[in-house]
Amino acid sequence: VSTATLTRRLGPAGVERSVLAGWGAVVLALLAFWLTLPPLLVRTPVPSLVLAAAAVGLGVWSLREGQKRLGWAAAVTGVLCAIGAIAATRSGVGNLERVVVWSALIAAMLRFATPLVFAALGGVVSERSGVVNIGLEGMMLTGAFFAIYGADLTDGWFGGLLVGMVAGGVLALVHAFFSVSLRADQIVCGFAINFLALGTTGYIFLQHYGENGTPDGVPQVPDVSLPIDWIPFFGPALDKLNLLVWVALVLVFAVWLFVFRTPAGLRLRSVGENPRAAATVGISVYKVRYLAVIASGVLAAMGGAFLSIGFVHTFNQNMTAGRGFIALAVVIVGKWRPVAALAAALMFGFSQALAQRLPVFSDSSATLLQALPYVVTLIAVAGLVGRSTPPAADGVPYSKE
Amino acid sequence: VSGAEGPASLTVASRLSGYLRRGGIITPLLTALIAFVIGGLVVALTGANPFTTYKAIFDGSGLNWLFPWISAEDRTTAALNLQQTLILTTPLIFTGLAVAYAFRAGLFNIGGQGQYFAGLFIGVWIGSSLHGLPGFLHILFALVLGTLAGAVWGGIAGFLKATTGANEVITTIMLNYVILWVGVWAFGLGGPLHSDSAADKTVPISNPVVQNARLPVFWGDPELQGLHIGIFIALGALVVFWVLLNRSVAGYEARAVGFNADAAEYGGIHAGRTYTKVMLVCGAFAGLAGVIDILGWQFAVATNDIQNAGAVGAGFIGIAVALLGRNTTSGVLFSALLFGALINGTSVRNLDPAVFPPELATNLTLIIQGLIVLLVSAPVIVTALYRLRPRRARAEEEAGA
């Protein structure tokens with residue numbers, strides 16, 4: 001490629017024009033949909049359709065300029081947003097205003113995303129060290145049960161949180177022992193962890209609480225009341241979130257800082273990329289992997305604890321319902337990066353929040369919409385965001401000899 | 001076509017000894033034994049007697065029918081119990097095969113449950129409609145369409161893996177949840193396939209399969225849920241599995257890709273296409289299990305059952321069945337029988353609550369299942385304990401693989 005064609009292709013800030021066009025198309029498409037929703041509530045689909053058509057056009061152009069994935073994604077988004085806009089202009093204003101309450105949607109999104117964020121951070125840390133952790137689901141479930149059990153026993157939410165984290169760490173230690181020391185098949189082993197967690201939590205739960213379930217008065221993680229409800233939009237969304245929601249957001253930054261900006265994080269990544277080389281310079285591969293897996297169990301357990309003593313305020317068997325697996329998808333969509341994983345988790349959280357509010361339209365089809373987060377995961381993993389490359393030694397057992 | 005195992009001159013005896021040398025039959029036996037011993041410890045921790053508990057579970061499974069010395073009265077009860085055990089074994093053979101075939105191609109099919117649901121849903125739909133069709137045709141029609149539905153649901157995961165590289169572990173799990181919610185919606189209140197009967201107005205359940213389309217019972221009383229002919233279809237599937245894997249081009253390609261996808265590609269096998277084909281076959285096995293369950297003994301599906309099976313259904317147990325059975329034909333048969341007996345023996349109906357609380361026993365089954373999968377994930381643990389394989393032979397094998 002000659003310099004002339006290269007400069008012709010490049011737009012502002014040195015980004016290729018086709019990439020800019022693709023993302024611009026996505027923004028246009030979303031704008032088209034947004035016009036028809038509260039607060040603007042444009043009642044005719046015409047401006048939206050014009051915008052969506054422009055988005056599709058830009059997407060196709062971007063596709064022909066070589067942005068295969070982005071171009072397709074933009075064009076499809078354009079079509080979907082046009083359909084959404086038409087649907088919105090045809091449904092009643094009252095229904096729309098009840099479903100699309102942005103501040104409530106944002107708050108619900110954060111609440112649904114929080115368990116995913118904790119578990120996904122665990123997944124990032126574990127997989128960066130080269131150990132795949134399918135057992136996140138089970139570690140979450142363990143955290144959920146032992147947090148409420150601990151809160152009940154110690155009569156305090158902090159004690160409960162600690163008990164849950166320790167339980168998650170212990171289960172992760174089993175995973176670490178099998179997948180690091182015994183060089184087991186990490187996926188099969190992680191799957192076993194899920195069975196074990198399901199059986200163990202169900203067993204103790206039934207033995208201890210019986211058919212009545214967990215009692216009502218178990219201490220809960222408190223909400224953080226911020227005096228910000230006078231701020232339009234953000235105020236009502238953020239003024240009464242659970243403490244653990246904020247902890248999750250802080251941890252995203254902390255894990256990013258740790259993984260990418262500290263010597264220990266560099267060691268972690270080097271073990272995940274090339275354990276042999278890391279060992280040559282004196283890093284203990286086993287130690288790093290053990291610590292990373294245990295940390296991932298503790299993090300996943302915090303996500304579970306949020307579910308039981310921060311969100312739902314009760315425990316029932318298999319209450320995590322696949323959230324640990326969605327978290328795994330979040331790790332992949334987030335390309336093994338904490339901040340990108342947060343973005344992915346928010347996307348899943350939003351789809352869950354939306355599914356939860358749609359019963360306004362019809363109870364029966366709302367049930368069907370429960371499948372939405374899983375469909376979104378499928379589409380995301382199947383590559384709208386492009387193929388992501390895991391750490392080179394991810395899932396490969398390391399032997400010292 | 002069958003030359004993958006080595007020189008054709010290998011005698012049956014030498015192959016058998018090779019199999020045994022690799023811990024072929026002793027490893028699974030020891031694995032199960034260790035898991036049951038640990039399970040016994042869990043029982044003891046609860047304060048119950050592990051020996052009487054296991055005896056009660058064994059008797060509940062009806063396997064004592066095989067003993068010639070039991071009284072005629074016991075034999076009648078045992079026969080009833082054994083019929084139930086075999087009814088439960090039937091789907092496990094199929095779902096075990098669905099997981100085993102994927103494993104042989106290097107894929108981890110966690111989607112057996114979803115594929116099972118696909119078959120079951122289509123089975124109950126066809127079986128409860130089309131009144132007046134001759135029984136044989138009706139059954140055949142339901143079996144074929146249910147199998148196809150399962151194949152499609154499995155094939156999606158294979159196709160996504162082939163075209164976008166999406167990890168089948170994540171996609172199959174997501175597909176499980178998607179079909180679960182589709183079922184809850186379709187058979188729930190206000191859903192398109194909800195029961196037409198006035199009595200079921202507030203009960204989320206499907207229409208029952210018509211008498212004509214139910215599988216014939218050949219052992220026991222059809223009114224008392226005797227053993228239906230599905231078990232023979234399952235035995236036939238075992239033969240199909242063996243032939244497919246060891247005597248067909250498709251099976252050869254599957255094994256080649258499972259052994260080394262890059263080498264297989266180099267040898268002219270299209271890995272992507274093989275993944276799709278393999279997952280189609282796996283889905284067909286699991287889908288067939290679903291139809292046979294619905295035509296054989298369940299006859300109708302309630303949304304509660306769909307949601308409860310979310311993590312403990314036949315599709316999930318199939319994973320443990322395949323792993324314990326080392327993904328071989330005979331292994332799947334025997335481990336399906338083991339798990340069928342275990343589940344039936346720990347069921348609320350069969351386990352004497354005075355010996356051990358049945359609701360705890362269900363979770364005990366999960367724990368044992370988890371332990372078995374965990375131990376299988378690291379074969380080194382069992383073999384190292386009993387020194388079945390000399391360390392050097394193992395190292396050579398790993399170096400060769």
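This is a predicted model: local features need pLDDT of at least 70, side-chain atom pairs count only at pLDDT 80 or more; totals for chains, interfaces and linings use all residues.
1. Residues are numbered from 1 along each chain as its sequence is written, chains are lettered from A in the order in which they are written, and side-chain values use heavy atoms, without hydrogens and water.

2. Chain B puts 49 residues into the contact, and chain A puts in 44. Contact here means heavy atoms within 4.5 Å.

3. About 3900 Å² is buried between chain B and chain A, with 79% from carbon and sulfur atoms. Buried area is the accessible area (1.4 Å probe) that the two parts lose on being put together, summed over both. On the chain B side, Met174(B), Trp181(B) and Leu374(B) lose the most area to chain A, together 16% of what that side buries.

4. Salt bridges between chain B and chain A number 0. The cut-off is a side-chain nitrogen of Lys or Arg within 4 Å of a carboxyl oxygen of Asp or Glu.

5. The side of chain B that touches chain A has 35 nonpolar, 12 polar and 2 charged residues. Gly counts as polar in this scheme.

6. Arg326(B) follows α13(B) and has a positive phi, near 50 degrees.

7. In chain A, α16 (residues 338-357) has 20 residues. Its buried residues include Leu342(A), Phe348(A) and Gln352(A).

Note on methods. Helices (H or I, at least four residues) and strands (E, at least two) are DSSP runs, numbered from the N terminus. The expected span of a helix is 1.5 Å times one less than its number of residues. Buried means under 20% relative accessible area, exposed over 50%, partly exposed in between (1.4 Å probe, protein chains only).
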